[in-house]
Number of protein chains: 2
Amino acid sequence: MRRPSMKELAHRLGVDRSTISRALSQDKAHLVAPETREKVRRMAIDAGYRPDLTAASLRRGRSQTIGVLVADLENETFINVIRTLIASLNVDGIPVTTPLIAETRDKPNAASRLIETFLSRRVDAIISLASTEADERALEDASREVPVILAIRTLAALNLPSALCDDREGGAMVARHLVERGHKFVCQVQGPPLATTFKLRAQGFSRICADLGVKEVTKPIYTAEATPTAGKKALDLVFECEERPTAIFAHNDAIAIGVIEALRERGLRVPGDMAVAGFNDTRLAQVLSTPLTTVAYPIREVGEHAALLFHSLIAGEKDKAGSRTFMPELIVRRSA
Amino acid sequence: MRRPSMKELAHRLGVDRSTISRALSQDKAHLVAPETREKVRRMAIDAGYRPDLTAASLRRGRSQTIGVLVADLENETFINVIRTLIASLNVDGIPVTTPLIAETRDKPNAASRLIETFLSRRVDAIISLASTEADERALEDASREVPVILAIRTLAALNLPSALCDDREGGAMVARHLVERGHKFVCQVQGPPLATTFKLRAQGFSRICADLGVKEVTKPIYTAEATPTAGKKALDLVFECEERPTAIFAHNDAIAIGVIEALRERGLRVPGDMAVAGFNDTRLAQVLSTPLTTVAYPIREVGEHAALLFHSLIAGEKDKAGSRTFMPELIVRRSA
DNA sequence: TATCAATTATCAATCGATTGCATAGTTTTT
DNA sequence: AAAAACTATGCAATCGATTGATAATTGATA
C-alpha cells in the first residue's frame, strides 16, 4: 500500500491537484477557502500523505538543501558550529533546509569533488568550514553559481561573506596572559599552516611577544595535524631547542593535550615546569585534572551568523550579508 | 551564463535529448554509436554541462541518497564507522550515493522527525547508528517503505539487517583481563542504558565476574551521557560505596578519561591505586601518559558490512543481506 | 527480392509538485 | 441594475532527465 501522491489525494477529494498543493503550503494557503483547506489537511493526514521534496525541488528550482563542507568531523569546534548552524536552519522547529554534510579532511582535491556533487544536487548554498588555499579556485567557481559562505576559516583573496573568530586577537590574548604571568621565553606549537586559523593565531601571538619584549623559540614548530598525537610528537622538537621555554601556546586543545601528556611522560609538571595554553575550550579542557587555560571559541556567534548569511543570501538581500568576526574569550585555568 | 541543460545540448548538436542522456549514462551508453557518444561527451565537457540529480532522481524513483542517523557527531567511533561507510559508498572513487547525515543526540523524538525528512527526500535507504528503544516504532514504520539498516546499536525486537560489534564479548574480555590481573572486587561505570551497546557490555562483564567469582559493586552506576564530564561525576558514586573496588570498567574511553582525571584529582594513581579500562580504543587512549587498556572497536568491519548491506538491499538481493556481529579486540596497555 | 535481425536514433510519456493565467461565482460599489 | 472587485478553484505548462515503444537504416540470409 504505497502512500498517495497529490494527484491521488485530489482524485479522492474531487478537487484539482493545485488546490491540494496550495492548501498544504505555507505561503499560498490563504488562497484556498478555510473549509476546503481543512478538508484537504485532514485527508492528507488520514491518507498518510508525504510530500515528495525531490519533485518540489525540481519545480521550484530550489532544493531546500545546503552543502556543508567541514575539514574534520572529529573536531568538536567544527561540530558545534555545525550544530548551531543546523539549529538555525529550522523554522519554527521544523527542518526546512537539509544540510548535506561532507568532510574534506584537508585533502587536496576533496573540496572540489564535493562541491561538484553539491552543485549537481542543486544545493541552495554552500557553507565551507574547510577552506584552504588549495580550494580557493573551486570555491570561487562555485560562488558564481550559488551563494558561498565561509565559516571558521577565511580566504583573503576571495571576499566571500564569512563568519569568523578573531584568531589573531585570540593568539594575542594568550601572549598577553603569558607575559602577565612572568614568562620571558615562550614557544608555539602551531597547527598545520594550510588554514588561516593557525596562521592568524601565530601572528597575533608573535606580534604581542615582539611588542612586549618576550623571546620566542626561533624555529617555528608545526604539527602535521591538529591532534593529540601530533602535539605529543611536536614536544620533542621543543626539547631539541638549545634553550627551553617556560610556556607553550598550543594552537588548539587537542594539540595541547598531546603536549601535556608528553610532558607528563618526561616527568614534568604543568604548570610548574611548563605552562601550557590551548585554544577552543573543548569539553576535555575543562575535565583535565590540571584544567587547561585556553581561548573559548565564539561557537554560537559564528554558527548563527553563518545561518543568517544563508538566509539573507537566498532571500536575495545581498546587502544585509556582511562578513563578521567575533571575539573569542580567554579562559584562565590552572595550566598556564 | 547559466549552464546548459540536456535539452540545450541536444539542440546544439541536433540530436534528441534521449540520445544525450544515453550517451552520458554509464549503463546505456552502448545504445549509442561510438562516434555520437564521443561527440556528445566532448560537447558536454566543453559546454560545462552538469547533470541535475534532482530531476534524475524524480524520474528514476531513486535519489542516490542515503539517510544516516547518528547519535553523536562528537563520538570518534561513530564518525569512523561513517567514514568507512561513506568510502564504501563510492564506486570507482566517484561518489554516486550522497549521505544525508543527521544527529539525534538521543533525544526522544529526534529520530522520527529526521526519518520523516529522509523519507520526504526519498532516500534509497536509512542507516541508523542511533537506534534506541524509543525509536523502535519509527524505524519499523520506515522499514516498510525503504530498506533500513542498523549499525553499532541493534534493536532485538525488530530483526532488521545489521552490522554490529560483539559488545557482550567485549565486556567479557575486560572482565577476564581484570580477573587475570588479580582483581577481586570491581566496578562498572556504565553508559546510558538507552542503547544496546552499553547494556550488552554490562551483561558480558557481569557474566564473567559471576562465573569467575569476582565481586562487583552492588549498585549499578550509570552515566547520563558517555562523556568525560559524566565519567568524572560518576566516580563520586563509586567512592560512595562502602567498600572500594580495585578496578573500574568504563563503558567507553570518554567515560574512562573522566574517571582517570577524577582519580588524579583525588591523588590516586592509575593503575597503582585503581585500574581503569575503557572501550573503543580512541585516538586519545593511545596518547595518555598512562595509556589506556581498552577494547578496539571493529570499525572497518562494521562500516563495510553496513555498506554491503546497503548495496545488496537496493539491488533487491534480500537473501544476501544478513546481519553480522564482529569481534572486538582487547588492547592491553598500562592503565589496567 | 522479400524477410529478418541488428543497430541507432527519435517520439512521447512520465516522475510529483508548483504556479501563472483563466474562469465561474459572489460580493461590493455606484 | 450594471460594473467593478474579489474569491475560490481549475487548467495546463513546467522543472530536467529517463525510458519503453517505435521508426529508420543497414546488412545479412533465405
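Student: Let's start with the open sheet in chain B: in what order do the strands run, and is the pairing parallel or antiparallel?
Tutor: Keep in mind that this is a predicted model. The open sheet in chain B has 6 strands, ordered β2-β1-β3-β4-β5-β12, and the pairing is parallel. The twist from one strand to the next averages 15°.

Student: Which strands stand at the edges?
Tutor: β2 (98-103) and β12 (324-326) of chain B. Each has a single partner strand, so one side of each lacks a neighbour in the sheet.

Student: And how many bridges are there between β1(B) and β2(B)?
Tutor: There are 6 bridges, in the parallel sense, with β1 covering residues 65-70 of chain B. To pick out one residue, Leu69(B) has Ala102(B) in β2(B) as its bridge partner.

Student: Which strands does helix α13 of chain B lie across?
Tutor: Helix α13 (residues 299-314) of chain B lies across β1, β3, β4 (148-151), β5 (162-165) and β12 of chain B. Its angle to β5(B) is about 170°. Helix α6 (residues 110-120) of chain B lies across β1, β2 and β3 (125-129) of that chain, at about 170° to β1(B).

Student: Switching to the core. Which residues touch the most other members of the largest nonpolar core?
Tutor: Ile127(A) and Ile127(B), out of 92 residues in that core. Leaving out residues up to four places away in sequence, Ile127(B) touches Ile66(B), Val68(B), Leu85(B), Ile149(B), Ala151(B), Ala306(B) and Phe310(B). In soluble globular proteins, nonpolar side chains tend to be buried together.

Student: Last one: how many residues of chain A are in contact with chain B?
Tutor: 35 residues of chain A are in contact with 35 residues of chain B. On the chain A side, α4(A) gives the most, with 5 residues. That side divides into 14 nonpolar, 10 polar and 11 charged residues.

Definitions and conventions:
Residues numbered from 1 in each chain as written. Chains lettered and ligands numbered in written order. Predicted model: local features only at pLDDT ≥ 70, side-chain atom pairs only at ≥ 80, totals over all residues. Core = buried A, V, L, I, M, F, W, Y, C linked by C-beta atoms within 7 Å. Buried ≥ 20, exposed ≤ 12 C-beta atoms within 10 Å, placed from the backbone. Contact = placed C-beta atoms within 7 Å. Helix = DSSP H or I, 4+ residues; strand = E, 2+ residues; numbered from the N terminus. Nonpolar A, V, L, I, M, F, W, Y, C, P; charged D, E, K, R; others polar. Pairing = 2+ DSSP bridges. Axes fitted to C-alpha atoms, helices over the stretch in contact; angles between N-to-C directions.
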